[in-house]
Amino acid sequence: MLDGMGMLEGIGMLDGMTRFEGTGQGGGATPPPSPIGWGGPGGRGPGGVAGGVVAVSVGVGGVLGGVVVAGAVAAGPPSAAELCWLHAAAPTPTRSRAIETDVRWNMARDYHVAVAMKAPRGFSRDAARSHGDRRSENVLVHGENLDAMRRLLRAGFAGRFRCVYVDPPFNSGRRFAEYDDASTPAEWLSMMRERLQAARELLSDHGAIFVEIDDTELGPLLGVMDDVYGRDQRISTITVVRSAATGHKAHNRGPVNVTDFVLVYARDRKGWRCHQLTREREGYDAAYGTWLENPADACVGWRFTPLGSKARAVLGKTATRPDIERFAVDHAEHVVRFAQPRYEAVSRKAQALIDRSRREPGRVLRLKRAPRKDLLLRGGNRVLFLADKVATIGGRRLLVEPLTNLWDDVPFQGIAREGGARFVRNKKPEKLLARVLALSTDPGDWVLDPFLGSGTTAAVAHKMGRRWVGIEQGDHLDGLCVPRLRRVVDGVDATGVTQAYDWRGGGGFHVWT
Ligand SMILES: C[S@@+](CC[C@H](N)C(=O)[O-])C[C@H]1O[C@@H](n2cnc3c(N)ncnc32)[C@H](O)[C@@H]1O
């Protein structure tokens, strides 16, 4: 019903006790004088993102649409009430779609009512700079981050974020076009201490904070992290190789600085939920040089030949070393190596089997050790499979190894165009943030970056299906972050990790001040 009569009804419970009701009627070009009347505490509906679940049924043109959603309804000016989603009880996508077609459309046309997530108390939503799906929960805060984090805490965001990534000014002594990076060491440290404390309150019990830094303030930062988060909460100090020793750097006195560090602390180490990641391994481990003919048979009957002979029999006599290595990776279930077990570190049962295996070198013996992998022994040596070192990434089988605290495989070169945001010297690679988020979060989790810069964390979180809040005080929020994130939402940013996460656009974000 576009221009005819409309009716809206709402009933609901908030926090299990506050009841509100409302009806509205209107039609044609004239909006109703007061489309929705609310009951509730003080006679008004809940503002912003109050907790609780509300059921709203909507009828248009006298016909009850029967749409029932979980959400909160907030009263606004008479002709601009807003339907707000709760964080905890956000509707499922199906329900969201129902609301979009059945409610937003009709409400907007018949009642001039907007449906959007409203900024909580303490923030105002800037509609002109917000973009995309208005039900989205992602937020760009344009403001000073200590003040913004304190306002987020008051607005109910405490304990919400599974990952906080902090990439502060490194106190390099430089003055960049976008911000000043020259404080006294004491000023810098006190600035960081306050912000790290606020960030800690925002972290969830399963969460962790990642703070990037170079060696200028590394020592003092470690000290303050230990103070604020606790030494016991240290997870790792990751070394990130950000450049090579080329150009003018090679003429510096002493060793050339080519690294950043990322300090990782948990809110509660025991409760931290993370993922075991692997990374692509460079170079083939030549120890994997034996071909197992019949891995599907019982291990006592396994037959082995040299990998090279098998590969040449299949590929031809002219097969090169790289050909053989590729063949091995493609048939990794057949490729093994033999390795000495650490006799003193294994169980009595395992020791007994090792002894027996030495006495019976021609047979492969197996010890089941669920949930660990079976122990396989031949001639007293362990039989290790190349398949355990191979993963399929992007449809290709690749050699991988466990992720360590040395990250030398994330190129910082060639990122100038990432996200279409030029932020010389300070921008971080999307791949770096993708690794941080893959390690520490799952889809739907909340991610916070209080020093957003050009918007890298938000762009990557968006592409990876995480919910995010980014805070930036500089004017480059409008020059860099907003346009970058609009492109991500619109699905026209083909750079960075777009392809790796098969990102095609969608969602949206709000700008709060
Ligand atoms: C090193 S840059 C972050 C770069 C970012 N990781 C990226 O990839 O683009 C630090 C940013 O923090 C911002 N900043 C510094 N102090 C701030 C504060 N107190 N509140 C909000 N933003 C701040 C600066 O304007 C700058 O954009």
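Reader: Which residue in S28 is the bridge partner of Val-139?
Author: Heads-up, this is a predicted model: local features need pLDDT of at least 70, side-chain atom pairs count only at pLDDT 80 or more, and totals for chains, interfaces and linings use all residues. Numbering starts from 1 along each chain as its sequence is written. Strand S10 (residues 139–142) and strand S28 (residues 467–472) run parallel, joined by four bridges. Within S28, the residue bridged to Val-139 is Val-469.

Reader: And in what order do the strands of that open sheet come?
Author: The sheet has 10 strands with mixed pairing. Strands here are DSSP E runs of at least two residues, helices H or I runs of at least four, both numbered from the N terminus, and two strands pair if DSSP finds at least two bridges between them. The order reads S9-S29-S10-S28-S27-S11-S14-S16-S15-S26.

Reader: Which strands stand at the edges?
Author: Look for strands with a single partner strand, because one side of each is then left without a neighbour in the sheet. That describes residues 131–132 and residues 406–407, in other words S9 and S26.

Reader: At what angle does H9 run to S28?
Author: Helix H9 (residues 456–463) packs on the sheet and touches S10, S11 (161–166), S27 (446–449) and S28. Contact means C-beta atoms, placed from the backbone, within 7 Å. Angles run from 0 to 180 degrees between N-to-C directions, with axes fitted to C-alpha atoms, for helices over the stretch in contact. Between H9 and S28, that gives about 170°.

Reader: Which strands does H10 lie across?
Author: Helix H10 covers residues 476–490 and runs at about 170° to S10. The strands under H10 include S29 (508–512).

Reader: What is the phi of Asp-502?
Author: Asp-502 is in the loop between H10 and S29. Asp-502 has 9 other C-beta atoms within 10 Å, so it counts as exposed. Though not a glycine, Asp-502 has a positive phi, about 50°.

Reader: What omega does the peptide bond from Ala-370 to Pro-371 have?
Author: Pro-371 lies in the loop between S21 (364–367) and S22 (375–378). The bond from Ala-370 is cis, with omega near 5°.

Methods. Contact = placed C-beta atoms within 7 Å. Buried ≥ 20, exposed ≤ 12 C-beta atoms within 10 Å, placed from the backbone.
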